[in-house]
Amino acid sequence: MRSMIKDILKNSGKYDIVGEATNGQEAVDRFKELLPDIITMDIVMPIKDGIEATREILQHDPKARVVMCSALGQEPLVIESIAAGAKDFIVKPFTPEKVIQVMDHVARGPIKRQG
Amino acid sequence: MDPARYRTLFVQETREHIQTMSEAVLRLIREPSSSLYDNLFRAAHSIKGMAASMSFQPLKEIGHVMEDLFEEIRSGALVVNHQTVKTLLGGLDLMETLIGEFEHTGKSISPYSEFVESVRAIAPDARLRDQQKAEEKRPNLELIIPERLQRTNATLQEPSFLFRVDLEVSQSAPLPGARALVAVKSIEDLGRISRLSPTIEEIAAGKFQSQLSCYLVTNHGAAELNEELMALTDIVRVVVTPIDPYTRQAPAGAPPTFKNPMRRTTVRVETRAVDVVVEGISELMILNAQLQETLPDHPETSRIGTLIQQIYDRALHLRMLPFEALSGNFARIVYDLGQQLQKKAQIVIHGADIQMDKSILDELADPMIHLLRNGVDHGIESPADRVRREKAETGTIRVDVIRQGDRVIIQIQDDGRGLDSEFIRKVAIKKGLITERQSAAMNVHEILMLITRSGFSTRSNVTEVSGRGIGLDAVRARIESLGGSLRIASELGQFTRFELMVPFTLAIVPAVLVSTSGRQFAVPLSRIDRFVRIFKQDLHSTQGRFVTFPETGTLYIEQLNHVLDGTNATDFPEEMPAFITEHQSRKIAWCVDELLEQKQILLKPLGEPLNLVSCYSGVTVLGKGEIVPILDIEELYRERSY
């Protein structure tokens, strides 16, 4: 999963991979260290799951942009993640176009509010 | 509310309802049907409701007892005989008299209590029933427009706008609920959200279907919002409707707040009044097109253009009603039919909030009801049969409404016995609708479509419910006359699905401009099958008509200028471009001098006395002000006796 997303992002030429993590705790630690623009996060991970990791990351930086990666059967978990503050999600099996579309949207962020 | 302002409207509508009821009562004697009862109930109920809000007690009471009478008749407690009809018509006459008195004096003069009592005498237990009935909501095909929103106190200091945002998630989206939530979050980033439907809780509980709506107070413009939301993954439709066009004014004095921004009331207007507005704006658009040509580079010109387009779009929306306005009584119809036929049937409707033009909805009423009947009567099996086939005892009719570009697709699917294409093929051959040889070249869909040909009925025992083979052909004709199409799919023993595809508005349609003998005509694109070139060498002459025999069957050839002039073509040029239409299974290639261009045209109906000219369904006006007639293809078929 991780290497697939990594390849898709790399091949797009738009994104650089600054770091990787193998579980939720590592994800939080690496985030604090690297402060990436976007984090892609599996929901189910050992030690600390993706939802909890997302919460902690957002506590550290409310502006962090987390994109969840999930399987088809995990809708309730994805909803929980979004409610927790994840910006968007990708569903397996995914196509490179879909992944890039989601990433581009998250990268661009919302239009600035006036005033 | 000032009742006097609405008096004219009230009087006029009441008269319309009385008229509807008179016609329905008379038909009741000949052929009682549930749609007839629905019309009667709806009309009586509307009158009752309107009279109540106008505080016109006599009419309210009569409307009430008329409803009771209809209920008695429908339930079979009261037989439709000469006496009953006399009472009913007497009631309608009395209503007519009273509304006339009300119109001129604002009150009633004629006594009415005698009538009410006479009805009570024959419909004694009605009081009990109407307790339950009061709970029931009756659909009412009215045009409802949000009135200017009232606003008090506010927190937003910048000029802000209020929009209704409607969003549709793609049918193919994985995890639609999560997708919806992302959308909600994105909307929240744009302003203040309220009246979210479904709510976050509902979405989280997995209750999201495919559509989402909410109100949004924001300082972004509609176009900006639209663009922003369309950029979201798996969102197929975004409609941003300005709720209050006047908010562009910066608030004066104390900063306004939005404590109660959603106090929405409605005003009721005649459809005709909206049409007049739309028509006026259409004229403006034509003038604007001319202006663009005269002053193409003037900055004000393009601003005017944009503004007119916006107003036009908004005005078209005033004519829109959700499908719900039509489907409100479907459940009742299906239930009643099930009862009548000793079957168990239910209906599930998806996409009832999809909006479409009121005139199209009106036209869809009969075909829809016919197809529902068809589903219950011919499709769904008896409960015993269903159990034997290991199906749920209760049959389901599923109605899906889907918006696709400028069209609306309505699917009506029953999980009943399905259609036997082989059987249909045999019957069609036996009835002489097709030959054995023709049938061999037909695919399954073409075979299934044979059931929509007039004179086709596979049922030996004609049932009271679905009539006798007249019907599906009428359904098809109606849909085609709307510029739509009908398709049928089926799996034997599993399901039958009718798919109606209709335009969502009739006011603007894509059309093709053609020219013949130096004159221009427009043909709605929806009526055209395809474009071809006809060569003289391929033609055969038979009984005064030219025909060719391409692989797809017989193709009749007509030269448009001769048809319109009523002259007979004796000769044919070497080669002519043509457009092919199909109507009642006959294909005709209409030859013209030139196929000019395809464009969106505004339909303008012909007023009297021009509407007496057949062959034209209306006119359109092009940018430079030329008036181009729109061909009425069905009339042309008739003209040439096909």
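**Close-up views of a two-chain predicted model**

A search of the whole structure, which is a predicted model, finds 38 salt bridges over all chains.

**View 1. The interface between chain B and chain A.** In this view, 24 residues of chain B are in contact with 24 residues of chain A, and the two chains bury about 2,200 Å² between them, with 59% of that area on carbon and sulfur atoms. On the side of chain B, the residues that lose the most area to chain A are L175(B), E228(B) and T233(B), which together account for 26% of what that side buries.

**View 2. Polar and charged pairs across the interface of chain B and chain A.** Side chains of opposite charge can pair when their charged atoms come close. Across this interface the rule finds three salt bridges, as well as five residue pairs in polar contact, with both residues of each pair at pLDDT 80 or more. R108(A) forms a salt bridge with E228(B), and the closest N and O atoms of this pair are 3.8 Å apart, a separation that falls inside the 4 Å limit used for a salt bridge. The elements that give two or more residues to the side of chain B that touches chain A are α7 (176-188), α8 (200-204) and α9 (222-230) of chain B; of that side, the largest share, eight residues, comes from α7(B). Sorted by class, the side of chain B that touches chain A has eleven nonpolar, six polar and seven charged residues.

**View 3. The crossing of helices α14(B) and α19(B).** Two packed helices are described by the angle between their axes and the distance between the axes. Here the axes of α14 (residues 358-379) and α19 (residues 472-481) of chain B come within 10 Å and cross at roughly 145°, and α14(B) passes α19(B) in a left-handed crossing. From α14(B), the residues E363(B), L364(B), D366(B), P367(B), H370(B), L371(B) and N374(B) meet L472(B), V475(B), R478(B) and I479(B) of α19(B). By class, this contact has six nonpolar, two polar and three charged residues.

View 4. R425(B) forms a salt bridge with E422(B), the closest N and O atoms being 3.0 Å apart. Both residues lie in α16 (residues 421-430) of chain B, where R425(B) and E422(B) are three residues apart, about one turn of the helix.

**View 5. Two backbone details in loops.** Most residues other than glycine have a negative phi, and most peptide bonds are trans. In chain B, the peptide bond from S197(B) to P198(B) is cis, with omega near -5°, and P198(B) is found in the loop between β3 (191-197) and α8 of that chain. In chain A, I47(A), a residue other than glycine, has a positive phi near 70°, and I47(A) lies in the loop between β1 (38-42) and α3 (50-60) of chain A.

Key: Residues are numbered from 1 along each chain as its sequence is written. Chains are lettered from A and ligands numbered from 1 in the order in which they are written. Side-chain values use heavy atoms; hydrogens and water are left out. Contact means heavy atoms within 4.5 Å. Buried area is the accessible area (1.4 Å probe) that two parts lose on being put together, summed over both. A salt bridge is a side-chain nitrogen of Lys or Arg within 4 Å of a carboxyl oxygen of Asp or Glu. A polar contact is a pair of N or O atoms within 3.5 Å; within protein, one must be able to donate a hydrogen and the other to accept it, and residues adjacent in sequence count only if both atoms are side-chain atoms. Helices (H or I, at least four residues) and strands (E, at least two) are DSSP runs, numbered from the N terminus. Ala, Val, Leu, Ile, Met, Phe, Trp, Tyr, Cys and Pro count as nonpolar, Asp, Glu, Lys and Arg as charged, and the others, Gly among them, as polar. Axes are lines fitted to C-alpha atoms, for helices over the stretch in contact, and angles run from 0 to 180 degrees between N-to-C directions. A crossing is left-handed if the near helix is turned anticlockwise from the far one by less than a right angle, and right-handed if clockwise.
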